[in-house]
Amino acid sequence: MRILLFLATNMAVLVLVSLVFNLLGFQGILAANGVDLNLQALLVFCALFGFGGSLISLLISKWMAKRGTGTQIIETPRNRDEQWLVDTVAELAQEAGIGMPEVGVFPSQAANAFATGWNRNDALVAVSAGLLQRFRPNEVKAVLAHEIGHVANGDMITLSLIQGVVNTFVMFMARIIGHTVDRVVFKTERGYGLGYYVVTIVAELVLGALASMIVFWFSRWREYRADAAGGALTSNADMIAALQRLQLEQGQPQDLPGEMTAFGISEQLKQGVGGLFRSHPPLEDRIRALQAG
């Protein structure tokens, strides 16, 4: 199902970009002489692709999250636990000044939770069955407050915009590098040779890896803000207790799909250089930040 959703999203982006590109009158990224780059057309092309994928993913994020995690939305609470969960989210949302999110539970024994949605007044907050079973009520409330903090801070929208800028930059610079190498090294005089496509792909991979560090840095920074929001909506002591409980379960498999990892409250531990590609700071650093605050 996730592969089908991925393909459908990319097909939608391709169709949208093709239509808009033609409507704006940009027929290609080469100038009329077939030699020089049409930088205006190239920038529009890259921006449409760069922002198109991010914004479409944002708009359908709730739909994808529900299907990717198997989240069951609580329409009408069936028991006291579900009623408590809905009431707690409603209380936190009101205090944070946002609209009531959808509330759901996803079938995972790993302790995790996430929030997503394109609009702070139309979000989704979901927790895992394992977290509900093993965490104390005050710890669950702190986790929910952390996720509400993400929504109130507009983190999903900001992250999508940053990803769009990064995508645009990577595509734009990779094609300039590919064009330059094709002309200077491979001596292609008109149009593009094989060298352009090979160099562009390699440049996209290298620049994409470097640029993604910016996205991951922002993702880690927003976790500190969400922790602070969770502490403000409950208490620092409860937020610290929730993070310490997560520490006890560190190393356990995480069941969130890859595209949802950045929106969970925790992720798998990465060491060394891998730390630059973490969506979350180490739990001990987050705890120290709350203790210092």
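**View 1. Tyr192, Tyr196 and Tyr197 form one aromatic cluster.** The model is predicted: local features need pLDDT of at least 70, side-chain atom pairs count only at pLDDT 80 or more, and totals for chains, interfaces and linings use all residues. Residues are numbered from 1 along each chain as its sequence is written, and side-chain values use heavy atoms, with hydrogens and water left out. The structure holds 7 aromatic pairs. The rings of tyrosine 192 and tyrosine 196 are stacked, because their centres are 3.7 Å apart and their planes stand at 5 degrees. Tyrosine 196 also pairs with tyrosine 197, this time edge-to-face, at 5.0 Å centre to centre and 80 degrees between the planes. (Rings of Phe, Tyr and Trp, the last by its six-membered ring, pair if their centres lie within 6.5 Å; planes under 30 degrees apart are stacked, over 60 edge-to-face, and the rest tilted.)

**View 2. Buried or partly exposed: how do tyrosine 196 and tyrosine 197 count?** Tyrosine 196 has 5% relative accessibility, so it counts as buried. Tyrosine 197 has 47%, so it counts as partly exposed. Tyrosine 192 is buried, as is tyrosine 196. (Buried means under 20% relative accessible area, exposed over 50%, and partly exposed in between, with a 1.4 Å probe and protein chains only.)

**View 3. UniProt marks transmembrane regions.** The unreviewed entry places this feature at residues 41-60, 156-174 and 194-218. (UniProt positions follow the numbering used here, feature names are shortened, and annotations may be inferred rather than shown by experiment.) In the model, residues 41-60 are 95% helix and 0% strand, with end C-alpha atoms 28 Å apart. Residues 194-218 are 100% helix and 0% strand, and their end C-alpha atoms lie 36 Å apart. (Helices, H or I with at least four residues, and strands, E with at least two, are DSSP runs numbered from the N terminus.)

**View 4. An open sheet has 4 strands in the order E1-E2-E4-E3.** Its pairing is mixed. Strand E1 (72-73) and E3 stand at the edges with a single partner strand each, so one side of each has no neighbour in the sheet. E1 and E2 pair in the antiparallel sense over 2 bridges. Glutamine 72 has valine 105 in E2 as its bridge partner. E2 and E4 run parallel, joined by 5 bridges. Here phenylalanine 106 stands opposite serine 128 in E4. E3 and E4 run antiparallel, with 4 bridges. Phenylalanine 114 faces alanine 126 in E4. (Two strands pair if DSSP finds at least two bridges between them.)

**View 5. Helix H3 (residues 61-69) packs on the sheet.** H3 touches E1, strand E2 (102-106), E3 and E4. Its direction makes about 155 degrees with that of E3. (Contact means heavy atoms within 4.5 Å; axes are lines fitted to C-alpha atoms, for helices over the stretch in contact, and angles run from 0 to 180 degrees between N-to-C directions.)

**View 6. The largest nonpolar core has 35 residues.** Leu144 and Ile148 touch the most other members. Elements giving two or more residues include helix H4 (80-96), strand E4 (124-128) and helix H9 (236-248). H6 gives the most, with 7 residues. Isoleucine 148 touches Val89, Leu92, Ala93, Ala96, Ile98, Pro101, Val125 and Leu233, not counting residues up to four places away in sequence. Another core, of 9 residues, lies apart; among them are Leu159, Val166, Ala174 and Leu207. (A nonpolar core is a set of buried Ala, Val, Leu, Ile, Met, Phe, Trp, Tyr and Cys residues joined through side-chain atoms within 4.5 Å.)
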